[in-house]
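I opened this model to take some notes.

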Amino acid sequence: MSDQDRRARLIRALEYRQIFDDRLDRIERQVPFDSVHDVDTSESVELWELPQGDQLQVGRDARYSPTPVRTVRHVLGQCDVKHEDMTFVDVGCGKGRVLLQATEFPFRRIVGVEASETLCDIARANVEKASATLEGCDRIDVVHADATRFDVPDDAGLFYFYEPFSTEVSSAVLERIEDSVRRHPRPVVLCFTGRGQPDGQAGEHDTPPVAAAAAEIRPRWKRIGTVSSPDAVFYDSLLYAYEDHGSFEAQAVPDS
Ligand SMILES: C[S@@+](CC[C@H](N)C(=O)[O-])C[C@H]1O[C@@H](n2cnc3c(N)ncnc32)[C@H](O)[C@@H]1O
């Protein structure tokens with residue numbers, strides 16, 4: 001590819017990101033979250049904005065951007081799991097919005113894994129502040145770790161991914177989850193939200209769910225449903241279950 005073509009691609013990608021962020025701003029304004037709980041979760045963070053040494057070894061286009069509030073509430077409500085028996089894990093929790101929203105459900109524990117120390121600090125401060133308005137924040141733990149090396153809790157039953165990284169990294173994470181299920185057999189559901197940040201070369205309908213592709217190619221995971229986002233098609237979710245254990249049929253979620 002010539003330098004000129006490369007420049008043109010970059011410009012299209014930046015333009016697309018602007019369109020994406022403008023839409024997110026509009027969605028965010030519809031359901032205020034930060035002002036209600038006195039937290040900082042809305043503002044996106046580019047990797048280059050993080051301090052030196054806090055740079056992540058991640059796949060393409062990784063950045064912090066929150067899942068819209070209504071999408072999180074809707075998709076977590078659709079996951080037919082036994083909350084009381086399990087830990088919920090947000091893989092790549094960023095500033096911790098999904099963790100805060102997960103307190104609306106009776107999970108035993110709520111864990112966020114985040115590779116950036118800066119984002120972990122923000123997430124912990126958010127949990128602290130939100131505890132004034134949200135019950136259940138004492139169930140939340142924010143763990144500073146690369147998800148590919150994270151010790152998967154033996155009771156973790158629902159894993160949430162909002163396009164945190166590439167298919168390869170996602171595959172390494174799924175391998176750890178599979179090891180954990182082999183050690184401690186239990187029903188496990190994966191929820192992949194988002195289609196991968198479109199790079200401006202393709203429309204978002206054509207942009208594949210990058211992290212979810214790992215579940216498609218690993219034989220143990222079976223897709224059990226699609227959950228439409230109330231915010232935008234970009235935020236639709238794919239749900240997968242580990243096939244050998246638990247009530248696979250009972251957990252199936254109809255397309256919505
Ligand atoms: C798109 S944000 C999603 C944030 C949050 N889950 C939400 O939905 O609001 C993806 C996050 O994954 C984090 N991340 C990327 N690679 C990671 C890795 N290897 N281990 C842990 N976190 C990672 C990024 O720093 C970023 O905060």
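**Confidence.** pLDDT is the predictor's confidence in each residue, from 0 to 100. I kept it in mind, since this is a predicted model. I looked up the chain: its mean pLDDT is 88, and 88% of its residues reach 70 or more.

**Ligand.** Which residues come nearest to the ligand? I found Gly92, Gly94, Ala147, Tyr162 and Pro164, out of 26 residues around the ligand. Helix H4 (97–102) and strand S2 (109–114) are the elements that give two or more residues to this shell. I sorted the shell by class: 15 residues are nonpolar, 6 are polar and 5 are charged.

**Core.** I turned to the largest nonpolar core, which has 64 residues. Phe159, Val189 and Cys191 have the most contacts inside it. I followed Cys191 past its neighbours within four places in sequence. Its contacts there include Val75, Cys79, Leu158 and Phe159. Ser237 and Leu239 are also among them. In soluble globular proteins, nonpolar side chains tend to be buried together.

**Strand S1.** Why do I call strand S1 (residues 87–91) largely enclosed by the rest of the structure? I checked burial, and 5 of its 5 residues are buried, so the strand is largely enclosed. Thr87, Val89 and Val91 point one way from S1, while Phe88 and Asp90 point the other way. In a regular strand the side chains alternate between the two faces of the sheet. I also looked for the pairing: S1 and S2 run in the parallel sense over 5 bridges. Val89 has Val111 of S2 as its bridge partner.

How values were computed
Residues are numbered from 1 along each chain as its sequence is written. This is a predicted model: local features need pLDDT of at least 70, side-chain atom pairs count only at pLDDT 80 or more; totals for chains, interfaces and linings use all residues. A residue is near a molecule or strand if its C-beta atom, placed from the backbone, lies within 6 Å of it. Helices (H or I, at least four residues) and strands (E, at least two) are DSSP runs, numbered from the N terminus. Ala, Val, Leu, Ile, Met, Phe, Trp, Tyr, Cys and Pro count as nonpolar, Asp, Glu, Lys and Arg as charged, and the others, Gly among them, as polar. A nonpolar core is a set of buried Ala, Val, Leu, Ile, Met, Phe, Trp, Tyr and Cys residues joined through C-beta atoms within 7 Å. A residue is buried if 20 or more other C-beta atoms lie within 10 Å of its own, exposed if 12 or fewer, and partly exposed in between; C-beta atoms are placed from the backbone. Two residues are in contact if their C-beta atoms, placed from the backbone, lie within 7 Å. Two strands pair if DSSP finds at least two bridges between them.
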